[in-house]
Amino acid sequence: MQKLLAANWKMYKTREQAESWARSMIQALPPQGLSGRSVLVFPPATAIAAVAQVFSGHPSLSVGGQNFYPGTEGAFTGEISVEMLRDAGAQWVLAGHSERRHIMGEADALVAQKVLFALEHGLRVMLCIGETLEEREAGKLTEVLERQLGAVFSAAGKLDAASLAGRFAVAYEPVWAIGTGKVAGTAEVAEAHAVVRRLLESFAGESRIPVLYGGSVKPANAGAIVHLDNVDGLLVGGASLDPQSFLQIVSA
Ligand code: PEP
């Protein structure tokens, strides 16, 4: 499976900064493109179109939205629709990011609703799941991941590996490792990814669903994580903001 290297810019970068980052990426890529790797960037909504325009026509580069409201259109002040994201050039969307679960209060049921809505409306979805430190210390890793994945698959009823092929990815992101500088050790990552893989097989049947790791990934630790079994890529926050740092991660 190709490795997918994803950058989540959170609430950083103006259009100009985003465009300059995207140009640096294009300039640094080998002329024949990336081999065995693809890059996906989640800019803030205001910069999606700028990045999509720079990436346009490049087969290994794509763009996604960080958030959306699961409705076609209507009186939802401050929200953005999947159609608007697609219109701006997004092919992917994030759902269930821990900052949305824990700061914005998005519950499993809403996350599931968003995943299904985006898939039904033609966007690819990267579903983020992960346990808090308290949950991990209480030995609840499997329980939490099963609950978060189960919410999506039981709401859908009909999502299987074949219908999801190429349209769905999972990012395992332990909440205690996001933006904290605390990196999960390779044994912890391997253990959690084996759990996610097993759960995906039981929920979706045979699994070709990519499972990415996220949580304080940097150039120094990316190589050790991305080559582990059951790790199909990385979702990178802070260390993706600088194009040189992200490029090192892409080639790790
Ligand atoms: C993220 O935002 O998904 C993330 C993993 O952030 P960071 O790399 O900064 O921990």
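In helix 9, the buried residues are V189, A192, H193, V195, V196, R197, L199, L200 and A204. The model is predicted.

**Helix 9**

- Helix 9 covers residues 186-204, 19 residues in number.
- From its first C-alpha to its last, helix 9 reaches 26 Å, which is close to the 27 Å expected at 1.5 Å a residue.

**Aromatic pairs**

- The structure contains 6 aromatic pairs.
- One of them joins W21 and F246 in a tilted arrangement, with 5.6 Å centre to centre and 40° between the planes.
- This pair links distant parts of the chain: W21 belongs to helix 1 (residues 15-28) and F246 to helix 11 (residues 243-250), with the two 225 residues apart.
- W21 and F246 are both buried.
- The ring centres of F153 and F203 lie 5.6 Å apart and their planes meet at 5°, so this pair counts as stacked.
- Distant parts of the chain are linked here as well, with F153 in helix 7 (residues 141-156) and F203 in helix 9, 50 residues apart.
- F153 has 6% relative accessibility and therefore counts as buried, the cut-off being under 20%.
- F203 has a relative accessible area of 29%, so this residue is partly exposed.
- W9, W21 and F246 together make up one aromatic cluster.

**Ligand site**

- The ligand is surrounded by 14 residues, of which K10, H97, E173, G179 and S216 are the closest.
- By class, this shell comprises 4 nonpolar, 8 polar and 2 charged residues.
- In the side chain of E173, an N or O atom is 2.7 Å from an oxygen atom of the ligand.
- A polar backbone atom of G237 is 2.8 Å from an oxygen atom of the ligand.
- For G238, a polar backbone atom is likewise 2.8 Å from an oxygen atom of the ligand.
- The ligand exposes 300 Å² when taken alone, and the protein buries 96% of that area.

Key:
Residues numbered from 1 in each chain as written. Predicted model: local features only at pLDDT ≥ 70, side-chain atom pairs only at ≥ 80, totals over all residues. Heavy atoms only, no water. Near = heavy atom within 4 Å. Polar contact = N/O pair within 3.5 Å; in protein donor to acceptor, adjacent residues only side chain to side chain. Areas by Shrake-Rupley, 256 points an atom, 1.4 Å probe, with all protein chains shown as cover. Nonpolar A, V, L, I, M, F, W, Y, C, P; charged D, E, K, R; others polar. Helix = DSSP H or I, 4+ residues; strand = E, 2+ residues; numbered from the N terminus. Expected span 1.5 Å × (residues − 1). Buried < 20%, exposed > 50% of the residue type's maximum accessible area, 1.4 Å probe, protein only. Phe/Tyr/Trp six-rings, centres within 6.5 Å; stacked < 30°, edge-to-face > 60°.
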